[in-house]
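Please read these notes with the structure open beside you.

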Amino acid sequence: MKNSPIFQLTLARLREFMREPETVFWVFGFPILMTILLGIAFREKPADKIAVDVQDGAYAADAESVLQQFEVFKVTRCPESTCRLRLRTNKTDLVVVSGAGSSAAFDYLFDPTRSESLLARRQVDDRLQRARGRQDAFATSDREFKEPGGRYIDFLIPGLVGMGVMMGGLMGIGYVTVDMRIRKLLKRFLATPMKKTHFLIGIMLSRLVFLIPEATILLVFAWIAFGVKIYGSIVSTAFLILLGSFAFSGIGLLIASRAKTLEAVSGLMNMSMLPMWILSGIFFSSSRYPDVTQPFIKLLPLTALLNALRAVMIDGASVFTQTGPIAVLVVWGLMTFAIALRIFRWQ
Amino acid sequence: MPKAIICRQLYKQYPGKLPVDAVNGLDLEIETGECFGLLGPNGAGKTTTIEILEGLLDSTRGDVEIHGMKWGQSDDDIRQILGISLQETRLSEKLTVLETLTLFRSFYRQGIVPTEALARVSLDEKLGARVGKLSGGQKQRLAVACALIGDPKLLFMDEPTTGLDPQSRRQLWDIIREFKETGRTVLVTTHYMDEAERLCDRVAVVDHGKVIALGSPRELIASLGGDHVIEFSLIHGNSLVRDLKTLPTVQSVRQEDNIFSLSVSELHVALPALLDHLRHSNLELADLSTRHASLEDVFVTLTGRHLRDGLSTS
């Protein structure tokens, strides 16, 4: 075991990695930093007040006095031109206009495509109607439900884990391999009886080993700092992360298989990562893209990884329900590894 | 004793707009147990030749046999008995010397332990040092240790001492000699004539991808007809060439710019005769020196060029 070339190649890579402080920070520190920043930006906070303008008019004072009784509203009284300007520039959600008729009625002026305006319209109408004597058909009461899982941070963490797997696989393998080619170390290895597959497997294995602390640190940090839980099985989560790393290591090898300079491999890596950064749903759901593009997006390895990870981590689904994404990852990994082995430039 | 290396009618053409014939019909037979040198200027095809023999490059045409085995048929068996030091390899700087050797050892079915390889290249005390902290000479010795780790029968060294200080060069020569003394074969390429003279049992002088002379350094130098070289230059004029050849024991005369080189077999006869000749002709010497003939002279005699010049002057 100790003298097996795969073990020694993997060990050599791990040692080189651990002795490079910059890479250690990049791999372990960067995802945590990102989690902290995004966690702060999207932290839980009380719902914003509803901004309502009351336009000068016959019943303006009446409406203003009613609405001001409620904390939830931020009421502003202003003339028509000001109200319209404030509505257009998004300073207010709704304008209450005194009705034209003699019966004390109101018109609501708002943009129906803005969800805050729709909410404001319902809230304001409800308060004003009740003030004029409308009775509820039955009594209701509000109870709070605060279970983590649906928050943005819960969505984000699997995204960041997947992003780490992608970047680690591509950059961790791409730069290192091309660097070894430039240093003619690959050629030197080729001059020994070393098996080419052993070398490639060693590089991939070392990636998988880095991943264990990398993903663990991120997941534990998210759990302690933001209470992000894994609802499904931890073993399934680990399996998916390793499978994803396998797929991206293969892609990393393929990208690095011919490049002769660091600039070339860096360009190729960015070109491969860009579509996944944008389309695969690290920061927002990939379902926002049009339906016709979905089959393509789902074939991207990062989409497959993130969908499966979120299904297991957030929805608590069994890994066995994720055969589609798993198949995508397996095919990517095997295919790229096989092609890389075939076209790999050793010198 | 079987031949260590046989190579017949080797050709290598690099494709391109103007195809380059790096190796152009090269023949070699290297005996087991000898230290054989490929000597030639930069660009002569030495590295291409050695890399074909090492199985790192495919030849365009020609046969290569390494201890009776052929590339493409028993690659793994050949690699198990080869030790190779490439012209430039930068080993991983973050690994220690011992870790590097342990890694290389894992590729071979059998070999020597890392500490023994280090002892052979006198690098024992650097066992735990990072490769990045080694000096140029130490790095080169580590590269040789990596070549020795599989206990090879045949050692290939491409320009092993280029860029090293004189002391490191001598250390490396000692390592190679010790290896040879165990009855194994060394093939070394170099463009240093002194290296070839001191290290090699036989030398093939390579130019334009062909062997243009073959033999022991002694034999090659003897083929010039004179063991000594007289070099001189004059303050005025340079029309003496015909007369110089008639001087006693002068074998050949060469003129480059204003410097005359005489290859002579008996210095004590030729030198006074030359001085008399100059005095009679009323020619004033600007400079005169004598030295032993070297492989450099062999190369210059054969090609009219110096080893260091490379192909630029051809």
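What percentage of the 314 residues of chain B count as buried?

1. The share is 51% of the 314 residues of chain B. Keep in mind that this is a predicted model.

2. The secondary structure of chain B consists of 11 helices and 13 strands. Its C-alpha trace spans about 75 × 45 × 40 Å along the principal axes. Among contacts in chain B with a separation of 6 or more, 69% come from residues 24 or more positions apart.

3. In one of them, the ring centres of Phe189(A) and Phe199(A) are 5.9 Å apart and the planes meet at 50°, so the pair is tilted. Phe189(A) belongs to helix 7 (residues 185–190) of chain A and Phe199(A) to helix 8 (residues 196–226) of chain A, so the pair ties together parts that are 10 residues apart in sequence.

4. Buried means under 20% relative accessible area. Phe189(A) counts as buried because its relative accessibility is 3%. Phe199(A) has 2% and therefore counts as buried too.

5. One aromatic cluster is formed by Phe189(A), Phe199(A), Phe344(A), Trp346(A), Phe104(B) and Phe107(B). The charged end of Arg181(A) sits over the ring of Phe344(A), at 4.9 Å from the ring centre.

6. Another charged end, that of Arg310(A), sits over the ring of Phe155(A), 3.6 Å from its centre.

Methods:
Residues are numbered from 1 along each chain as its sequence is written. Chains are lettered from A and ligands numbered from 1 in the order in which they are written. This is a predicted model: local features need pLDDT of at least 70, side-chain atom pairs count only at pLDDT 80 or more; totals for chains, interfaces and linings use all residues. Side-chain values use heavy atoms; hydrogens and water are left out. Rings of Phe, Tyr and Trp (its six-membered ring) pair if their centres lie within 6.5 Å; planes under 30 degrees apart count as stacked, over 60 as edge-to-face and the rest as tilted. Helices (H or I, at least four residues) and strands (E, at least two) are DSSP runs, numbered from the N terminus. Buried means under 20% relative accessible area, exposed over 50%, partly exposed in between (1.4 Å probe, protein chains only). A charge sits over a ring if NZ of Lys or CZ of Arg is within 6 Å of the ring centre and within 35 degrees of the ring normal. Contact means heavy atoms within 4.5 Å.
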